[in-house]
Amino acid sequence: MPNSLYLKMENLDAIKENASIPLFDRDQITTSIAHIGVSNFHRAHQAFYINELIEKHQAFNFGICGIDLLDSDRKTYNVLKDQDGLYTLITKSPTGFQKPKIIGAIVEYFFGPENPMAVIERLANPDIKIISLTIAEDGYHLNEITGEFDQKHPSVAEEVVNPFNPKTVFGYLTQAFKLRKLRGISGCTILSCDNIKNNGDTMKHSFLNYVEKNEPELLPWLKNNTTFPNTMVDRITPTTQHKDIDALKNNFLVEDQWPVVCEPFTNWVIEDNFFETKPNWEKVGVQFVKNIEPYQNMKLQLLNAGHSILGILGTLHGYKTVHEAANDDVFIQFLKSYMHQEVAPTLVDAENMTFKAYKSTLISRFKNSNINDSLSRICSESSAKIPIFILSTLKIQLSENNSINHIAFIIAAWCKYNDGINDLGYAYNIVDSISNTLIRMAALSQQNPVKFLEIEPVFNDLSSNPVFTNKYLHYLNHLRNHTIKESVKQFNDKLL
């Protein structure tokens, strides 16, 4: 490869003229963190923070052992194994690329489908003090209707028969902690970094429920030897595209099979609830707090809700990316007034400068054209996102008889979104685990408009609430007869 520098340890000296490389000897690093689910987000967020801690504060005892458990993760495994765990973090500001940074915090890598017992043994090793996770919501195996752990899930049922060839994160953790208990090794912190509300509590509830059903004798030991801090994680990390790989090669002479793209902004808030070892991550900007809820709600109800709103409105209009929708004055005016009128009253200490500053940064983050985040990614699995990001706000607003106009409009627009046709007449895919239900109920709402609200796993009994339903029906009727842009503009101008 005469025109580029391939990303491997032996090439780092040549790469350093074109990218920031790890300023530490990776051979000195010992592993105390096992991370399950080496996603793009993990590599842009948690691994970045650990890299900063090692580089700036010589914290050589906090190396990461990456672990992937799904067959679909084989590409990530193969790439990182081939690149010695190294990868490039491409940070894109609104004004352009920053100098690419090579991250060297991942020093080990295991692939569950290839050798499940090796993964179990590594998790059971006393050196591992923290097991962190980014496994996405479906990795928690929650029942769509009840929200409880789904013991009847096919992967869970399979583990009952063959516990030493686990398919779920709970199966791996159970066998690892059984070994720790048997060998007289203490437990550790289990740190969920997924973008779900009360992620630590959700992980704890699901895991202990799994153990109670499958290995009940382990339950008392687990309760005394593990903690599950809640976390708030925040960094926009779009899907890596081929043009990102090409730009890295052509502009910086660095050839990376799977770099990660992210925005400059990053934030990590963690509930101060660690078992034994608590890292000194505050040195690199991590915030430890007693109560995660205000920070968590701020992020979910502002950033994540904002993404979903721009995704729905922008897709209906014919936009493809977040920054296109965010740079549309009509749509961004709607989003700003939604945040001010309907979200801010629900947030604890909403007038605190933390919240004000966060709201002000969001719009510029959304407008960053270099991130090029796709609306299709934002809108995927909306049936799981909208109840958490938007309907949670609705519940509070209804209980206090406050404004719900924006939310009623958004849900009406989501119903129209599930028609699958934008205002230019082009079709788009509805990517959702319950897409058939969404599409069918949206179609039925053409004749019976309230039908869409009868999707119980999403809306519960909202269809029987006349305060919300009347507003929703009013907006849906208008949306069925006008373009999204016309409807939003009239809404903004208080003509709708």
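Which residue caps the N-terminal end of H13? The model is predicted, so to speak of local features requires pLDDT of at least 70 and side-chain atom pairs count only at pLDDT 80 or more, while totals for chains, interfaces and linings use all residues. Residues are numbered from 1 along each chain as its sequence is written, and side-chain values use heavy atoms, without hydrogens and water. 

**Helix H13.** Select Asp328, which caps that end: a side-chain oxygen lies 3.0 Å from the backbone nitrogen of Val330 (a polar contact is a pair of N or O atoms within 3.5 Å, one able to donate a hydrogen and the other to accept it; residues adjacent in sequence count only if both atoms are side-chain atoms). Next, select residues 329-343, the 15 residues of H13, which reach 20 Å from first C-alpha to last, close to the 21 Å expected at 1.5 Å a residue (1.5 Å times one less than the number of residues). Helices (H or I, at least four residues) and strands (E, at least two) are DSSP runs, numbered from the N terminus. Among the buried residues of H13 are Phe331, Phe334 and Tyr338 (buried: under 20% relative accessible area, 1.4 Å probe, protein chains only).

**The sheet.** Proceed to the open sheet of three strands, ordered S11-S14-S15 with mixed pairing (strands pair if DSSP finds at least two bridges between them). S11 (231-234) and S15 (287-289) each have a single partner strand, so one side of each is left without a neighbour in the sheet. S11 runs antiparallel to S14 (residues 267-271), joined by four bridges. Within S14, Trp268 stands opposite Val233, and Asn267 is the bridge partner of Asp234. Thr231 and Val233 point one way from S11, Met232 and Asp234 the other, and all are buried.

Key:
Buried < 20%, exposed > 50% of the residue type's maximum accessible area, 1.4 Å probe, protein only.
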